Structures are given as structure tokens and as C-alpha cells.
Amino acid sequence: RLIKESLSQVDAVTELLDARIPLASRNPELDELTQKKPRIVLLNKCDMADSKTTQKWIEYFKEKGQYAIAVDCRTGKGLNQYHSLIRTVLKDKIKQNEERGMPGKPLRVMVVGIPNTGKSSFINRMAGAAKAKVADKAGVTRHNQWFAIGNGIELLDTPGVLWPKFDDPAVGDKLAFIGSVKDEILDSETLAVRLLEVMKNNYPERLVERYRVNDFQDKEAWELLEMIGKKRGMMIKGGEIDTERVSVMLLDEYRGGKLGAISLERPEK
């Protein structure tokens, strides 16, 4: 509702996606909500994704008529391109303003994205100060807020919005892996096992490097979880593996980038 109400006030939309899961982190309702406003896609947290795969995603969005750049909003990587990109995307709007005798009229851009994709970190970085609320958990921004970022550009921050139903359970898993679904409503052990299944099939070498586990290709993911717990010495009384503790550790280390640069989606798939 807030997005719809504010759309008439903006010239373009900047959409933040997680570079590790560009499609799963994209709200499918936004295309209809934003009514074909010019769109800039920021593939955020690019340092946590495979750079070659991210480049393929940039080409993917280009083919769909959308500008996309790889960025890391916490460090500022890639954001030096943003101002010039806005002016490229809105060159017709700038020309129109000049013809109407309003050459200095601010360019207004709505910032959208699902929870935990880095909208507030992006605005803080662009504004040059911590002016938007930032947190590592979902659901921090509650109301629309405007921020001037210089060079005649103003950003409208909006609350992160998930859609009400995931038709594909794998999408829900990927969003939970990166922390866009609140941990309180999930079973951490089930989620960790599903993440290990993905890692085992696509990035087994990272598990070997990080946890010093070997010969696990013929093991089930839950067995691999126990192997990691044993290696880390996460035991409880009776010699059992504390699988809940292992699960929390695994998810935290994945989200913290300690398992390396990993892309969980590829355009060709």
C-alpha cells in the first residue's frame, strides 16, 4: 500500500537484490506494483557471491531491459557508479525538466527490496551518515522515509515486503538461508540440513576447507551435520552431537561469509 501510494512521487525505482539469490530475493509482485517505472537493480552483498555468476546475472537483467550493477552496501563497493547510472536512466526526465524551466528539480528514486537485502545500509552509505535504521534482522524499516544523497538525487526508503505465499519451497529455503525470513519461525536443524544439501552438491570443497570433513559425498546431509559437530567438539552429555548448536553455527557462518563466495542461483538454470 505504501509503495502504491508513493509511486506518483518518484521518477524511478532502485531494487536491491541479494547477489547470492537474485531471483529468490525478488518480490514477484513488484513488477506490477511499480507500474513499469525505470528500474535499477543493485546486486548487493556481491562479495559473498561468486563473481563470475554475478556477472552473468548482470547480463541477464540487461537482456530484460534493466540496468544492474554489483555492489556491497556496507563497504561501498560499486556504489560510485550509482549517481551517473541514475542520470543515464533518467536522461529523458532530466531533459523534460530542463525544457519546463526546472533544471535543478531533484530526481526522486524509490528504494525497494525484501527484508535483509540491505536497503538501509545502501541509503546510509549514499547519504554519508547513519541516517536510516540498520539491523541484521528482518523488518526494521516500518515507514516511508526520504533521504537527500547529493547531486540532486533523493531516495525514498520503504519497508521490506515479503509476498504472502512461496509457490516454490526452494525459494523459502533460500530466503531463510540468507536471513530474510525470521529465524524464530523456523527449525534451525531442518534449515541447516537443507543448506548442507545445497553445499554438498555445489560447493563441497568449501565444507572441506572450513570444517575439515572428508568422504561425505555418500552421506546424508544430517550425517554431514553430525560430522561437522564432531569436528567442532559440539557435544552434550552422553557423547551425543549438539545438532541444534551446530545448526546455528553453520547458518551464522554462512551468513557471515565464512564459507566463501557462494551463489545459490545461476541464470542458466
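## Ground rules

The model is predicted, so local features need pLDDT of at least 70 and side-chain atom pairs count only at pLDDT 80 or more, while totals for chains, interfaces and linings use all residues. Residues are numbered from 1 along each chain as its sequence is written, and side-chain values use heavy atoms, with hydrogens and water left out.

## Aromatic rings

Rings of Phe, Tyr and Trp (its six-membered ring) pair when their centres lie within 6.5 Å; planes under 30 degrees apart are stacked, over 60 edge-to-face, and the rest tilted. By this rule there are four aromatic pairs. One of them joins W57 and Y60, edge-to-face, at 5.1 Å centre to centre with 80° between the planes. W57, Y60 and F61 make up one aromatic cluster.

Both W57 and Y60 sit in helix α3 (residues 51-63), three residues apart, about one turn of the helix. Helices are DSSP runs of H or I, at least four residues, numbered from the N terminus. Buried means under 20% relative accessible area, exposed over 50%, partly exposed in between (1.4 Å probe, protein chains only). W57 is buried at 1%. Y60 is partly exposed at 23%.

## A charge over a ring

R108 lies over the face of W146, 3.9 Å from the ring centre. The rule asks for NZ of Lys or CZ of Arg within 6 Å of the ring centre and within 35 degrees of the ring normal.

## Cysteines

A disulfide is a pair of cysteine sulfur atoms within 2.5 Å. The structure holds zero disulfides. For C46, the nearest cysteine sulfur is that of C73, 8.8 Å away. That is too far for a bond. C46 is buried, with a relative accessible area of 9%. C73 is buried too, at 2%.

Notes:
Helices (H or I, at least four residues) and strands (E, at least two) are DSSP runs, numbered from the N terminus.
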